[in-house]
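Here is a friendly note to read alongside the model. Please keep the 3D view open as you go through the points.

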Amino acid sequence: MLAMPLATAGVGFGTTFVMLVSLWALMSYTALLLVEVYQHNQFDSGLGTIAKRYLGFGGQVLTGFSMLFLMYALTTAYISGAGELLATSLSSWLDKPVSVSVGIGVFTLIAGGVVCIGTQSVDLINRLLFTAKIVFLVIVLGVMWMHVDKINLISMPLEQGLVLSAIPVIFTSFGFHGSVPSIVAYMGGDTNKLRKIFVIGSAIPLFAYILWQLVTLGALSSHTFVGILAQQSGLNGLLQAVREVVASPKVELAVHLFADLALATSFLGVSLGLFDYLADLFKRRNNVKGRLQTGLMTFVPPLLCALYYPNFVMALTFAAVALSILALLLPCLLVWRSREENQAGYRVKGGKPALVFVFLCGLSVIAIQFSIVTGMLPNVG
């Protein structure tokens with residue numbers, strides 16, 4: 001959510017709105033594809049298990065690797081972004097400069113420690129932080145709404161390449177597919193309920209994203225965003241631009257707290273999933289020694305990546321590669337094979353043409369990411 005305004009800088013609200021709705025529809029569709037597959041399997045099966053049944057050992061390995069890569073990339077992004085904001089806050093509180101590296105290290109130590117303590121601690125803290133985040137989001141939206149300028153909203157893309165460069169970040173914002181197995185198990189595999197859950201549940205963040213993009217792109221001109229990217233000021237640059245628009249100390253605090261809470265809650269959710277995944281993968285025990293070992297495996301790799309390459313938006317675009325496999329390529333392949341074995345039951349509409357289209361979309365996202373890395377497309381980070 002925080003990366004979206006930076007990723008869509010110079011794209012224009014109209015184009016951004018179309019991208020948001022289109023990618024939401026695409027991701028909701030593939031979630032329904034997974035629901036179709038799960039009706040023919042044990043509802044408590046993992047994606048790796050189902051991939052092995054339909055695609056063999058290679059499919060299981062690819063699924064596991066993509067899951068790990070996605071969670072590591074997201075954890076790196078949140079550590080990088082939160083460390084950047086924390087360094088700015090510490091500099092202000094201590095009245096002396098604090099490097100981003102120090103902010104990254106302090107955040108990882110504290111937030112990572114919470115995850116290592118246990119799921120209950122994460123659950124309690126995340127509930128409190130998420131509630132506070134919603135309050136601050138409403139405040140920020142309400143205040144910034146008064147500064148929306150129609151001229152900013154109707155601006156056209158400054159550069160065509162920016163539209164493609166923004167896709168990986170927006171695409172990743174709808175990446176809930178790693179949680180599909182947990183939700184299917186929680187609902188006991190009830191197909192009808194799951195269809196509603198994934199469509200309505202994913203529509204809620206879509207609505208929030210549209211409002212957030214409306215007030216940020218409407219209150220700040222595209223040239224302001226381009227200036228932020230040119231100076232490589234990242235999230236701090238975005239928040240500073242928002243502060244200059246609202247020009248109120250109390251609102252400035254609300255904006256900063258919202259950003260902090262958004263990163264903290266995202267980090268806790270993703271890193272806990274990564275922690276549990278690694279604990280199960282390497283069969284670490286649920287004691288002090290075992291959790292410490294799992295914690296080191298969970299946080300050391302993304303910490304090193306964030307320290308040596310602290311780019312919040314770019315980390316999200318890398319996550320899009322793994323997500324395109326999990327959320328686009330894998331569901332198509334699984335449904336294709338599942339339909340060969342099962343003729344009855346719930347089927348997502350569209351047939352083979354829709355599966356081919358979604359599969360090609362997945363390949364396109366991967367191609368866009370590699371184009372950004374090789375410099376063929378502009379880097380929005």
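1. Let's start with charge: Lys and Arg count as positive and Asp and Glu as negative, while His and the chain ends are not counted. Each charge is placed at NZ of Lys, CZ of Arg, CG of Asp or CD of Glu. For the 21 positive and 15 negative charges of the chain, the mean positions are 10 Å apart.

2. A word on the source: this is a predicted model, where local features need pLDDT of at least 70 and side-chain atom pairs count only at pLDDT 80 or more, while totals for chains, interfaces and linings use all residues. Residues are numbered from 1 along each chain as its sequence is written, and side-chain values use heavy atoms, leaving out hydrogens and water.

3. Which rings pair up? Rings of Phe, Tyr and Trp (its six-membered ring) pair if their centres lie within 6.5 Å; planes under 30 degrees apart are stacked, over 60 edge-to-face, and the rest tilted. The structure has seven aromatic pairs. In one of them, phenylalanine 13 and phenylalanine 17 have ring centres 6.2 Å apart and planes at 40°, so this pair is tilted.

4. Buried or exposed? Buried means under 20% relative accessible area, exposed over 50%, and partly exposed in between (1.4 Å probe, protein chains only). Phenylalanine 13 is buried at 14%, whereas phenylalanine 17 is partly exposed at 36%.

5. Now look at tryptophan 212 and phenylalanine 258: their ring centres are 5.4 Å apart and the planes are at 55°, so they form a tilted pair. Both tryptophan 212 and phenylalanine 258 are buried.
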